[in-house]
Amino acid sequence: MTTRRKFVQGAAALASASAIGALLPTPARAQSAKLRIGMMLPYTGTFAALGTAITQGFNLAVDENAGKLGGRDIEYFTVDDESEPAKATDNANKLVQRDKVDVLVGTVHSGVVMAMVKVARDSGALLVIPNAGANAATGSQCAPNIFRTSFSNWQPAHPMGKVMYDKGHRKVVTLTWKYGAGEESVESFKEAFTKLGGSVVKEMYLPFPNVEFQPFLTEIASLRPDAVFVFFAGGGAVKFTKDYMAAGLKDKIPLYGSGFLTDGTLPAQGASAQGLLTTLHYGDGIDNAKNKQFRFAYAKKFGVQADVYAVQGYDAALLLAGGLTAVKGSFGERSALYSALEKVKVDSPRGPWVMSKAHNPIQDIYLRRVDGNANEVIGVAWKALEDPARGCKMA
Amino acid sequence: MEWLIQILNSVQYGLLLFLVASGLSLIFGIMGVINLAHGSFYMIGAYLGFTLAQWTGSLWIALPLGIVLAAALGLLLEWTLISKLYRRDHLYQVLLTFGLILVFEELRSVLVGDDVHGVAIPSILAASLPLTDTLSYPVYRLFISAVCLALAGLMYVVLQTTRLGANIRACASNPEMAQSLGLDIRWIHALVFAAGVALAAFAGMIAAPVSSVFPGMGNQVLIICFVVVVIGGIGSLKGALVAALLIGFVDTFGKVLFPEFAGVAVYLLMAVVLLFRPSGLFGRT
């Protein structure tokens, strides 16, 4: 925790220093000036751990690049977005208008990211999204200056439709919170599963972030579906897998989920998660040299194991490094910069990926099985999966 | 059969709600203090349960230790902060206790971190009873229900039949008169506040094995606790019990029968109750 403290203090010092800087008259910036990067991520609240992991991943990639991106030194401007949509527009505007950042990086919460997307679309600032999966960010709201290095909510859930069908399940029940990520995940799963010929006998929702699952477990037991698909994350995911096992359902009706069901929560879930199959764009034991090197360097630098969020932050910096190097660090010709970013082949720990036309990763989705405290990758559930980018005029 | 199980779910959830809300009902109802930090005390209890169970290796040892620590925290807070606000407007209490939420949440983050942690169910209660061929019922949930009933009974006996209870009720209905009759109301206030904090923490500890401990868990229970107290009627423990059970039924059957409206069912119930009984089901008018 001390590292996070120090980080926030450092970030605060940085932010106040930049505020003073903004008051001084600044000459027109030459190309050799520092690259101004605005990090808008949650450093307090429920998603604090995710914001920290993304920042650390980003920093690691910059360090490996001798502290530069596209040959330019970097000046960071940091804002704690608190995962608070009500403050999101103000926070993003502060970075774009006051601090005049060249690149805006953020964030975790989908509601906050949609406000950032709006600011990016209105101001033309370059936005790199290192987590939030809201489909619209690279769908109906896609734009030449908005890139995502993580996933769309559609992506991790979609292959599960195929996995469950191939396991012989035909009638399933879905359960999730009634909110963006949950609904988009279930919708995507259902699309794949019903296309193959399976049927969803009941879609169940509970208000976010309610965790009183007992009535639903009773219903599942009486409906007796072949299997259950859920989307939950964090504390809710822990309570759900535990309740599912305590209700005696774990051995009778197989449970599947999008990878967030078992990511970062396994020690708390214990026996209740053992053996569960989930799909995600990252997992433990991905056997490539890049992943091994990344995990080793990350653990050495920060003293903790890397997770999927660290990978997404790392890839955000890799993307910027690739694109900016191609245009020699210049922001002068916007269209040249964007097409350079579109062409970057990101050599990610999750395996190499490229941008779709809508600026979302075209990536492998892994099938993972929980074993002890690890989500062991047991195969690729869907090779090079591309988000359909519904409503995006660039796709 | 399914409906019988759903009724069991309703009663069990309702009793859990009563356990969580009883401390708030006590503090709000008897002292008239609006305690927004109630959720934080619940969270503190859960984290105490988690930490102490790790240190001592048993939830049974952690429980009494945690209750003592929580009551001590309650006494300290009452003495240093809350007691300064009795004669002030409710708004000051709201401000202070809201500040406490932020302080406790940050302390939690610094001391324990932001990860989700599980708490093991004590082994003698870890079993499940088979209800149908597909569904079992965890024994621990039945244990929670039994604890809630015992607690409700204990609170009733203390408040209605003992001399201390009579003094507390006197303080609640007319503090000035009680003081002029020689009751030490400062002491009674401190006692009630400490008991309220201990109850919230106890609820957190008991619920930790089923709910896990995680950041922001206190804020989740805070609103529903206020709903319980408002529906039941301010100052009435009996009202809180009835309201909690009512909410248990409305929430459970709302989720099953009208899933689209499950999120608003409870608040709809509150609106209807307030429409016909503005001071709650058992509130003093």
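**Exercise 1. Which hand does the crossing of helix 1 of chain B and helix 9 of chain B have?**

Solution. The crossing of these two helices is right-handed; a crossing counts as right-handed if the near helix is turned clockwise from the far one by less than a right angle, and left-handed if anticlockwise. The structure is a predicted model, in which local features need pLDDT of at least 70, side-chain atom pairs count only at pLDDT 80 or more, and totals for chains, interfaces and linings use all residues. Residues are numbered from 1 along each chain as its sequence is written, while chains are lettered from A and ligands numbered from 1 in the order in which they are written. Helices (H or I, at least four residues) and strands (E, at least two) are DSSP runs, numbered from the N terminus.

Next, take the angle. The axes of helix 1 and helix 9 of chain B cross at roughly 65 degrees and come within 9 Å. Axes are lines fitted to C-alpha atoms, for helices over the stretch in contact, and angles run from 0 to 180 degrees between N-to-C directions. Helix 1 and helix 9 of chain B are therefore roughly perpendicular to each other; angles of 65 to 115 degrees get that label, those under 35 count as roughly parallel, those over 145 as roughly antiparallel and the rest as oblique.

Last, list the residues. Helix 1 of chain B brings B:Leu17, B:Val20, B:Ala21, B:Leu24, B:Ser25 and B:Phe28 against B:Val221, B:Ile224, B:Cys225, B:Val228, B:Val229 and B:Gly232 of helix 9 of chain B. Two residues are in contact if their C-beta atoms, placed from the backbone, lie within 7 Å. This contact of helix 1 with helix 9 of chain B has 10 nonpolar, two polar and no charged residues. Ala, Val, Leu, Ile, Met, Phe, Trp, Tyr, Cys and Pro count as nonpolar, Asp, Glu, Lys and Arg as charged, and the others, Gly among them, as polar.

**Exercise 2. At what angle do helix 2 of chain B and helix 9 of chain B pack?**

Solution. The angle is about 135 degrees, and the axes of helix 2 (residues 38-56) and helix 9 of chain B are 7 Å apart. Helix 2 and helix 9 of chain B are therefore oblique to each other. Their crossing is right-handed. Residues in this contact include B:Tyr42 and B:Met43 of helix 2 of chain B and B:Val221 and B:Leu222 of helix 9 of chain B.

**Exercise 3. How many residues of chain B are in contact with chain A?**

Solution. The count is 34 residues of chain B, against 33 residues of chain A. Helix 1 of chain B gives the most to the side that touches chain A, with five residues. By class, that side of chain B has 13 nonpolar, 16 polar and five charged residues.

**Exercise 4. What is the strand order of the open sheet of six strands in chain A?**

Solution. The order is 2-3-1-4-5-6, with mixed pairing; two strands pair if DSSP finds at least two bridges between them. Strand 2 (68-69) and strand 6 (146-148) of chain A are at the edges with a single partner strand each, so one side of each has no neighbour in the sheet. Strand 4 (residues 103-105) and strand 5 (residues 126-129) of chain A pair in the parallel sense over three bridges. There A:Val103 stands opposite A:Leu126.

**Exercise 5. Where in chain A does pLDDT stay under 50?**

Solution. It does so over residues 10-30 of chain A; pLDDT is the predictor's confidence in each residue, from 0 to 100. Where pLDDT is low, the predicted coordinates should not be read in detail. Chain A averages a pLDDT of 90, and 92% of the residues score at least 70.
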